[in-house]
There are 2 protein chains.
Amino acid sequence: MISGSKPIPAPAPLAAERISLNQRTLGPEVDLATAVEAAVAAGFGAISPWRVHVEAVGRKQAGRMIRDAGLKVSGLCSAGFFGPGARPEDGREARHDMLEAIEDAAELAAATIVTIGGGVGADGDMWTARERLEAGLAGILDDARAAGVRVGLEPLHPMVAADRGCISTIAYALELATTIDPVGDAFGVVLDAYHVWWEPHLAASVACCQGRIDAVHVCDWRVPTRDLVLDRGLPGDGVAQPRRLRALAEAAGYAGLVEVEVFQRDLWALKDPDKIAAAAMAATLAHG
Amino acid sequence: MISGSKPIPAPAPLAAERISLNQRTLGPEVDLATAVEAAVAAGFGAISPWRVHVEAVGRKQAGRMIRDAGLKVSGLCSAGFFGPGARPEDGREARHDMLEAIEDAAELAAATIVTIGGGVGADGDMWTARERLEAGLAGILDDARAAGVRVGLEPLHPMVAADRGCISTIAYALELATTIDPVGDAFGVVLDAYHVWWEPHLAASVACCQGRIDAVHVCDWRVPTRDLVLDRGLPGDGVAQPRRLRALAEAAGYAGLVEVEVFQRDLWALKDPDKIAAAAMAATLAHG
């Protein structure tokens, strides 16, 4: 029977320069300059900035800041809210937002745009949300190609399918990516341990993503989990086995950056970006 | 592209006698006699008792109580905790529990034993949990057959995969059922709107369960959802579209009882079993 991912040999240890710091791991309010500084101080080789902070300084300045610090960009967070954000008649609002994200990603040389799809909303229904998502994504293929930017579809945990993102499984993300973009030069998949660890066909689904993996996020599932959004664990702080996910991705050919992305109230309560970055680096080296 | 379940014609209205009241909808502490009385008063045709309450009065007395009230039993909740409950060396503990459940279910003429699999625990890993689950379930096939009892594998929402049940998708439940019991005379699948509404391939997965659907649970996904266990909605109180799930199940040949199962602090706060039962009946007639 197929059931998750059998224990496999541990992959090679991660080099610090291959590890990327998701900006929000430091907290939602930490600005880009502070995040870049903390990432460099902790030895990260890359960062994943959030658009609100990129826009706060402007995309050109943001790009300079990151390049000057010697950092790569694993992913730009986040876009593709075609679900609830789209207006019924034409979806123009979400499309406009996605086009902005494409320009941001091109300027930052981001490996991908982390695209989570949007949710259903309080009054919506899943069929309509996914129908709009599929049409909306198809509508930006040419723009992404023209800009030489990748769109990374990230399955989010089904518990946030109503509120944040309705790409709920790896198989569905891959189906969207391959159907919209059979060539594979624009649409890929983002694998995040927190969101996909529970999948019964995890090993097979990751293997199917060969050539389409745009990013790997390491983080963990705490037991018990007390909040649907802000109780994510650092690698090693739960049962999601992020290293196993990395090993599966590498077995499928992935050789890119490994990003630590943790939204956690306890971690944010430390309030010191340098301390949080150092903790994230240590956890990722040990368990990512 | 395949994405959930397209709007389909509404199924025929539910007759009250086809609706079953899950005992815990009334609250975790309500005893069987009180629950039976509330179910009858609200016009339910069936009940789904919890084992702790069945054991409190003894299975023979429980069976008499339910039959004398003219109620059927849609499902016995719950068993099959092979995940974390099993001892490493032989899994005997969970097996013994399941054998007790089989005797209970035979005595109560339950349509199925609601089998949720158990979780991973705080120190476990998903591979080991599912490996034990699969072996444990295979080990009780002959016992279930001998007793003429059905084992209904219920996919629980992935957010409780670590704590309660690691049968996380319909496809995996069906894969377990068909692999362990190719004939289909003992192992089936339980479909619960709250747990599966988000599945990207919902329509196809339900259709594949033809001849294997042991129970249909109606309930809803509230937006926002504030708790991982105790914030479930009554039918109509969210975005899960329980009636659509029933329609899909009936299109796949299901003609059995439809159970309303809602664990919700706000509902339990009413404290009056008759009021809660009446609210559950009204919501199920309108949206189930």
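**Where chain A meets chain B, and the salt bridges around it**

In this predicted model, two salt bridges turn up across the interface of chain B and chain A. One of them joins the side chains of B:Asp125 and A:Arg244, with N to O at 3.7 Å. The interface also has four residue pairs in polar contact. On the side of chain B that touches chain A, the elements giving two or more residues are helix 5 (126-138) and helix 7 (170-180) of chain B. Helix 7 of chain B gives the most, with five residues. Sorted by kind, the residues on this side of chain B come to 22 nonpolar, 12 polar and 10 charged.

As for the extent of the contact, chain B puts in 44 residues and chain A puts in 44 residues. Between them the two chains bury about 3,700 Å², and 69% of that is on carbon and sulfur atoms. A:Trp197 has partners in both chains: it touches A:Leu202, A:Trp221, A:Val239 and A:Ala240, along with B:Val120, B:Met126, B:Ala161 and B:Ala162, once residues up to four places away in sequence are set aside. A:Trp197 is also among the residues with the most contacts inside the largest nonpolar core, a set of 191 residues. Others on that list include A:Phe187, B:Phe44 and B:Trp221.

Over all chains, the structure holds 44 salt bridges. A:Glu55 pairs with A:Arg51, the closest N and O atoms being 3.7 Å apart. Both sit in helix 2 (residues 51-57) of chain A, four residues apart, or about one turn of the helix. A:Glu55 is partly exposed at 47% relative accessible area, whereas A:Arg51 is buried at 7%. These two also belong to a network of salt bridges that includes A:Arg59, A:Asp97 and A:Glu100.

Other pairs reach further along the sequence. A:Glu261 forms a salt bridge with A:Arg232, with the closest N and O atoms 3.4 Å apart. A:Glu261 lies in the loop between strand 11 (258-260) and helix 11 (265-268) of chain A, and A:Arg232 in strand 10 (residues 232-233), so the pair ties together parts 29 residues apart in sequence. A:Glu261 counts as buried at 4% relative accessibility, and A:Arg232 is buried too, at 1%.

In chain B, the side chains of B:Asp143 and B:Arg95 meet in a salt bridge at 3.3 Å, N to O. This pair links helix 6 (residues 141-147) with helix 4 (residues 92-108) of chain B, its members being 48 residues apart. B:Asp143 is partly exposed at 25% relative accessibility, and B:Arg95 is partly exposed at 31%.

Definitions and conventions: Residues are numbered from 1 along each chain as its sequence is written. Chains are lettered from A and ligands numbered from 1 in the order in which they are written. This is a predicted model: local features need pLDDT of at least 70, side-chain atom pairs count only at pLDDT 80 or more; totals for chains, interfaces and linings use all residues. Side-chain values use heavy atoms; hydrogens and water are left out. Contact means heavy atoms within 4.5 Å. Buried area is the accessible area (1.4 Å probe) that two parts lose on being put together, summed over both. A salt bridge is a side-chain nitrogen of Lys or Arg within 4 Å of a carboxyl oxygen of Asp or Glu. A polar contact is a pair of N or O atoms within 3.5 Å; within protein, one must be able to donate a hydrogen and the other to accept it, and residues adjacent in sequence count only if both atoms are side-chain atoms. Ala, Val, Leu, Ile, Met, Phe, Trp, Tyr, Cys and Pro count as nonpolar, Asp, Glu, Lys and Arg as charged, and the others, Gly among them, as polar. A nonpolar core is a set of buried Ala, Val, Leu, Ile, Met, Phe, Trp, Tyr and Cys residues joined through side-chain atoms within 4.5 Å. Buried means under 20% relative accessible area, exposed over 50%, partly exposed in between (1.4 Å probe, protein chains only).
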